[in-house]
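Work through these exercises on charged side chains. Try each task before you read its solution.

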Amino acid sequence: MEVKLSRCCQHEFLSGDRQRGEEYFAADRVRVQEIGMRGVNALALGSQSTPYRVCVDFSHVEDGDLGVYCDCPRFADGDYCKHLWALLREVEDRYKSRLP
């Protein structure tokens, strides 16, 4: 049975961030710049004129560690953000990325 990234990570996100991330995903506000076996780098188009840089590192996922980064203020304050959720959903949808 395949498990989606979002299902594995949903407990890390507040429900409001997941909901807003779904809206970003549905509005196609994530632009994947680079994707590979080790991770994905993207830009998230937000309310600011400069997009946020969003990254997911898959290199330690087998150890149960999914490294993430976003340069938005919410992530800087220590919370997972809507931009990260939207990127996870984009990776699942566009690249059919799954965790074993």
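**Exercise 1.** Find the distance between the closest N and O atoms of Glu 92 and Arg 89, and name the contact.

Solution. 
- Step 1. The closest N and O atoms of Glu 92 and Arg 89 are 3.2 Å apart.
- Step 2. Apply the rule: a salt bridge is a side-chain nitrogen of Lys or Arg within 4 Å of a carboxyl oxygen of Asp or Glu. Glu 92 and Arg 89 form a salt bridge.
- Step 3. Helices (H or I, at least four residues) are DSSP runs, numbered from the N terminus.

This is a predicted model: local features need pLDDT of at least 70, side-chain atom pairs count only at pLDDT 80 or more, and totals for chains, interfaces and linings use all residues. Residues are numbered from 1 along each chain as its sequence is written, and side-chain values use heavy atoms, with hydrogens and water left out.

**Exercise 2.** Is Glu 92 buried or exposed?

Solution. 
- Step 1. Recall the cut-offs: buried means under 20% relative accessible area, exposed over 50%, partly exposed in between (1.4 Å probe, protein chains only).
- Step 2. Glu 92 has 3%, so Glu 92 is buried.
- Step 3. Arg 89 has 18%, so Arg 89 is buried too.

**Exercise 3.** Which parts of the chain does the salt bridge of Arg 89 and Glu 22 link?

Solution. 
- Step 1. Their side chains meet at 2.7 Å, N to O.
- Step 2. Arg 89 lies in helix H4 (residues 82-95), Glu 22 in helix H2 (residues 15-26). They are 67 residues apart, so the pair links distant parts of the chain.
- Step 3. Glu 22 is partly exposed, at 29%.

Note on methods: Helices (H or I, at least four residues) and strands (E, at least two) are DSSP runs, numbered from the N terminus.
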